[in-house]
Amino acid sequence: MKRILFFFSLCSLAAAGMAANGSLWYAGPATEWTEALPLGNSRLGAMVYGGTTNEELQLNEETVWGGSPHTNHNPKALGVLSEVRRLVFEGRNAEAQALIDANFLTPRHGMPYQTVGSLLLRFDGHDKVANYRRSLDLERAVATTIYKVGDVTYRREAFASFADDVIIVRLTADRAGALSFRASFKSPMPEAATRKAGKTLRLTGHGTDHEGVPFAIRFEARLAVKRTDGNMRITDEEIAVTNATEATLYISIGTNFTNYKRVDGDARRRASDKLERALKSDYAAALAAHVADYREQYDRVRIDLDGDVPPSDSIPTDLRLKRFRETNDPTLCALLFDYGRYLLISSSQPGGQPANLQGIWNNMTSAPWDGKYTVNINLEMNYWPSEVTNLTETGEPLFAMLEELSVAGRLTAREMYGANGWVMHHNTDIWRSTGAVDNAFYGMWPNGGAWLCQHLWQHYLYTGDKRFLAQYYPVMRGAADFFLDFLVEHPEYHWLVTVPSMSPEQGPRSADVSIVAGSTMDNQIAFDILANTLLAAKVLGTERQSYVDSLRRALDRLPPMRIGRYNQLQEWLEDADDPTNQHRHVSHLYGLYPSCQISPYKHPALFQAAKKSLLYRGDMATGWSIGWKVNLWARLLDGNHAYRIIANLIADRTYPNLFDAHPPFQIDGNFGYTAGVAEMLLQSHDEAVHLLPALPDTWATGSVRGLMARGGFEVDMVWTDGQLDSAVIRSRLGGNLRLRSYVPLRGEGLTAVGEGSANPNPLFVTMPIKQPLVSPDINPELPILYKVYEYDVATRAGESYRVERG
């Protein structure tokens, strides 16, 4: 292949008139997948390389997975469960772990998310180009490639249409008849084949067998080309267009997936029907419809972080990444925040599958960790931005998955543990498998379903939607039922504990043994599912009092959190933490974030202990772990430390296309970052709407519009010199609005609140936790906190309220 030469000047790039604000842009094509630009409409995904002689759009469809409907739990577990528990309680944890390995697992560890293949475009004679630029416009969800060959300017626009559910690529030349290209498919999937089908090119193939589970998914992709002039020839291998001025490509993909139990759809019919409908619209109308649908969600939030940096349109995005340690470019922080929202919109919409470890973008038949759903942090992190960044619809695929898991997991709970309700462990897939996978060290963790249920309760707190709560209450209740049966009394402490389980992916005393009883994270998750189900039962008023009482009794017997000899929040019941341990998982801090159990005002010693634990863990980690730490430092009200974590993420854990680097790519770090920035600017978990709770010095001046707080409050803010200037709060539901601020506020209807006064708004309710137990070897530390001012406003639904710095 000839080496492609790129000649450009920054001046000519700036003059090209392509959008820079809210855009990623580059001065050369992608040479690796993590340089390509992602497009998606939730169901379909494409990675656009922007090549000149050879262009590639790598394609995905959200239901192309290996395997087929199956279960992966082992009924033999029930026969040894009592023995495993006895061994754990006797301190023979390694023996317990070996027994789990022999009896709790199956050969089926989850099915892989897979690629469809790629659309390839060949442009002969485009090896020497000038004025090259490729970009991704986040405000329109359109990828553009533009360059000159001789005196002809070529332009390509691509988008995954939210309106037409196809991928559309527009190719133009600014000289009549100068556009010629060949389009073909390639695919690594089994029995992949192309064939002419009328006026289209058709690609067919299927998923793979995996771990003894035969494939079931079949897919079909269709390519059609509309042109205004020139000639077109279609063979079984390609579509060739010559001497045209413009052409529009339409790519449609269908599969036979119906649901996690059935694979009886018509892939060919689905692909051809969507293509036929899309071809009825001209390009301008299709683009306008796509942009309108996309912006209805994207435009709800705007962020502006001012800074003394060069204009973003003068420096390619990959160079801005490389220079971030020098520039501390706040506009790049804002761009990465917007990018996280873009990715969530593009990978998770109602009626589809939830975003997996790859979102929807994957070029492999066997992605890292199979690209499936890991639920001991990663899937949950994907949806942290959903409510707070005003994208509540994006959570619907997760909620629908939870309903399905609550059905599949009932058999697992009964056959593995002899328990009522439902359970899932630390992984699932499109077939909703709920058994333990990998091995005991990583997989013996039956808390995935309970953690995911927190998203149901939080959605209710943000929206006040009682119909939603009634619909999903059985899912929450089923997860709580499992814990009511699975919790057993600890013979030494006499608390109710989970056993066997772990603190994800490590143990207290051995690099090889993780199995314990009652890890801190388990206790916190048990508290949440029992407490949230109890609160939901009260809201709905339809539950038997005896059941509510059983929840309360179990809550009363859970272990309290413990502060250990290093002033740390203990990760296990025993004071076994190693202050030099910098493990990527910070599981015992679940109670700080994403849960709401650790408050600086109600439990300052616990708050400080959590801070100590996070300090011990360090500031570097895998990409997703750094994303979690941004949120944790925001909850610790330390904006400057949160920003230090952000700097690590941007400078060291971000690929050129702004994908998060574990490494390898995992999308959860992108979503964790976006949620973390929102958490730095707005918090509402601790009985009040806290304005600018963790603003770093680097973002001294800025504004944000459209963030959401619990209680249905939408918040706009402007700040200068690190202090709030003004805020406008729109009340969707009415009810009491409690504001918390580091500066005094003034505004109509504000009433100062006395210390310790409970917020009467039921959407800010919190359940009391036990006082922590403190090591006798220490005097517990307390945090140094800024003074806060609190005010109540009685709001009415649909009205706005403005406050200013007093």
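Helices are DSSP runs of at least four residues, numbered from the N terminus. With that in hand, the tour can start; note that the model is predicted.

**Stop 1: the largest pocket.** Select L637, G639, P693, Y742 and Y786. Of the 29 residues that line the largest pocket, these are the closest to its centre. The volume of this pocket is about 640 Å³. Next, colour α17 (604-617), α19 (639-652) and β28 (723-731), the elements that give two or more residues to the lining. Which of the elements gives the most to the lining? It is α17, with 3 residues. By type, the lining of the largest pocket divides into 20 nonpolar, 6 polar and 3 charged residues.

**Stop 2: the second largest pocket.** This one has a volume of about 550 Å³. Select Y601, R740, E755, G756 and E790, the closest to its centre of the 20 residues in its lining. Both β29 (735-741) and β33 (789-795) supply at least two lining residues each. The lining of the second largest pocket holds 9 nonpolar, 4 polar and 7 charged residues.

**Stop 3: the sheet.** Stay with β29 and β33, which belong to an open sheet of 5 strands with mixed pairing, in the order β24-β25-β29-β33-β31. At its edges are β24 (682-683) and β31 (751-752), each pairing on one side only. Zoom in on β24 and β25 (residues 689-691), which pair in the antiparallel sense over 2 bridges. Here L682 stands opposite L691.

**Stop 4: a loop residue.** Select E543, in the loop between α15 (520-540) and α16 (545-556). Its side chain makes polar contacts with the side chains of Y473, at 2.5 Å, and R477, at 2.8 Å.

Key:
Residues are numbered from 1 along each chain as its sequence is written. This is a predicted model: local features need pLDDT of at least 70, side-chain atom pairs count only at pLDDT 80 or more; totals for chains, interfaces and linings use all residues. Side-chain values use heavy atoms; hydrogens and water are left out. Two strands pair if DSSP finds at least two bridges between them. A polar contact is a pair of N or O atoms within 3.5 Å; within protein, one must be able to donate a hydrogen and the other to accept it, and residues adjacent in sequence count only if both atoms are side-chain atoms. On a 1 Å grid over the protein atoms alone, a cavity is a set of points where a 1.4 Å probe fits but cannot get out, and a pocket is an open set with protein on both sides within 12 Å along at least five of seven lines; lining residues have an atom within 4 Å of a point. Grid points are joined across faces, edges and corners, and a volume is the space filled by probe spheres set on the points. Ala, Val, Leu, Ile, Met, Phe, Trp, Tyr, Cys and Pro count as nonpolar, Asp, Glu, Lys and Arg as charged, and the others, Gly among them, as polar.
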